[in-house]
Amino acid sequence: MSSNESAAGIAHVYRGTFVHATYHTAVEILEDGLLGVDTEGKIAFIGSGKEVDRLSQKWGFEAFAVTQLGQHEFFMPGMVDTHIHASQYSYAGTALDMPLLQWLNTYTFPVEACYKDLEFARNVYTHIVKRTLRNGTTTACYFATIHTDASLLLGQIANDFGQRALVGKVCMDINNFIPHYKETPDESEGETNRFIGELLKKKYPLVRPVVTPRFAPSCSATLLGHLGEIAQNNDLHIQSHISETKEEVSLVKELFPDYDSYTDVYHRHNLLTDKTVMAHGCHLTDGELKLFRETGASIAHCPNSNISLCSGMLDVRRVLNHKVKLGLGTDVAGGYSPSMLDAVRRTLDTSKALTIQDTQYHTLTFEEVFRLATLGGSQALSLDENTGNFEVGKDFDALRVNTDAAGGPIDLINQGEGPKVLLEKFLNLGDDRNIVEVYVAGKRVVPFVERP
């Protein structure tokens, strides 16, 4: 990799193994690498550890100040959660006994209605941001609730703890089961504009608003049209759900009979753009995937939730073959775990389940899924100019992983195992005890974040 001159000074230099994905390689390993981070939190240079003397002279740092990683340690990019409901964390790990539409009415909407209470919101949102950071999620794309002030609070908390985040105030004007948990189209439009304006006014460096229609069944065409205009006029990110279950797909067909498909509903309301991420997509047709490709929209694959709510199994290989951007999501609380390591494992499990059904299926490798959890997620959120891998000029969003952490879940029987084996063991066996430090935009945010 080449190094470019940086106007900012060098704040930190690290030496050791660096593991990341590139646009052409699922896993690239830099052994005895030397990486410098400037005072703005960006990667200033990447070179060989053997060049430390030359690089220290060029970049003006002291060789003795270099942080040296241990034998069983490596840096990897921070993980990107492309779909998570912060407001559902209070009941994560429970309430997984019914399909999606019934689950929303029975569990989700009653709990989300409580977020008009800002102290309740503060408690839950503080816990989920701290927990996801401890789990190695440096970037999260959050659903909040319909409550503007509580959604703004989520943005503030993410900023305060140093997490990169897209935060969405949920928009919905249809709710026949919990009538008080909805807005009129005009209310939703007005509050969305207020949310966007106030969040942008804060000038948080790493937190941005995302336009968030919950999903087509809870939004009228009028509201969808308003939200499409807001996103278009402000060049904003968009998030929603699509084709999670067959029952949901049928419902959309009933509610929007004049549209060609579920995807067409969003497309015709200007909600399918190169800054759109749609969760699930288990039952999308080839024609719909073609529309995703043409518009540049992406899919958030949420395998834990897909299985836990018996929604379906997304064929990730098929999506990738259509050249559609795809990242991974925990989808708390339909997904019971707030860990992106779980999303990695469930992605591999789903791919293997599809292989059981069809022995000719091209199973995903752990290297490919590693890429989806990092660079793939940043591409899905259209943030890959800033984060996702170790390239000069990008922000240093990174996890320092120790596969031999004391009290951790990994036993290293063969002490001489190489970095690729250590990466595979971490992805399959590791947990937050192996993540000894977390950096976002060059700032160490863990271990300063205590366990919730």
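Start by selecting helix α4: its buried residues pack against α3 (118-134), β7 (137-143), β8 (164-168), α5 (185-202) and β10 (207-213). Helices (H or I, at least four residues) and strands (E, at least two) are DSSP runs, numbered from the N terminus. Buried means under 20% relative accessible area, exposed over 50%, and partly exposed in between (1.4 Å probe, protein chains only).

Before moving on, note that this is a predicted model: local features need pLDDT of at least 70, side-chain atom pairs count only at pLDDT 80 or more, and totals for chains, interfaces and linings use all residues. Residues are numbered from 1 along each chain as its sequence is written, and side-chain values use heavy atoms, leaving out hydrogens and water.

**Stop 1: helix α4**

Colour the buried residues of α4: Thr148, Ala150, Ser151, Leu152, Leu153, Leu154, Gly155, Ile157 and Ala158. Now check the helix length. The expected span is 1.5 Å times one less than the number of residues. For the 14 residues of α4 (residues 148-161) that gives 20 Å, and the end C-alpha atoms are 20 Å apart, so the two agree. Step past the end of α4 to Gly162, where phi is positive, near 85°.

**Stop 2: Thr126**

Select Thr126, in helix α3. Which residues does Thr126 contact, leaving aside neighbours within four places in sequence? They are Ile157 and Phe161. Contact means heavy atoms within 4.5 Å. Next, show the backbone oxygen of Arg122, which lies 2.7 Å from a polar atom of the Thr126 side chain. Then pick Tyr204: Thr126 and Tyr204 are 78 residues apart in sequence and 17 Å apart in space, C-alpha to C-alpha.

**Stop 3: the aromatic rings**

Show Tyr14, Phe18, Phe75, Phe390, Phe396 and Tyr439, which form one aromatic cluster. Rings of Phe, Tyr and Trp (its six-membered ring) pair if their centres lie within 6.5 Å; planes under 30 degrees apart count as stacked, over 60 as edge-to-face and the rest as tilted. The count by this rule is 18 aromatic pairs. Zoom in on Tyr14 and Tyr439: the ring centres are 5.7 Å apart and the planes are at 65°, so this pair is edge-to-face. Tyr14 is in strand β1 (residues 10-20) and Tyr439 in strand β16 (residues 435-440), so the pair ties together parts 425 residues apart in sequence. Both Tyr14 and Tyr439 are buried.

**Stop 4: Asp397**

Go to Asp397, in the loop between α13 (366-380) and β15 (398-402). Is Asp397 buried or exposed? Its relative accessibility is 3%, so Asp397 counts as buried. Beyond residues up to four places away in sequence, Asp397 touches several others, among them Phe390 and Tyr439 from the last stop. Draw the line from the Asp397 side chain to the Thr387 side chain: a polar contact of 2.8 Å. A polar contact is a pair of N or O atoms within 3.5 Å; within protein, one must be able to donate a hydrogen and the other to accept it, and residues adjacent in sequence count only if both atoms are side-chain atoms.

**Stop 5: the cysteines**

How many disulfides does the structure hold? The count is 0. A disulfide is a pair of cysteine sulfur atoms within 2.5 Å. Cys141 is buried, with a relative accessible area of 0%. Finish at Cys219, whose sulfur is 7.0 Å from the closest cysteine sulfur, in Cys171, again too far for a bond.
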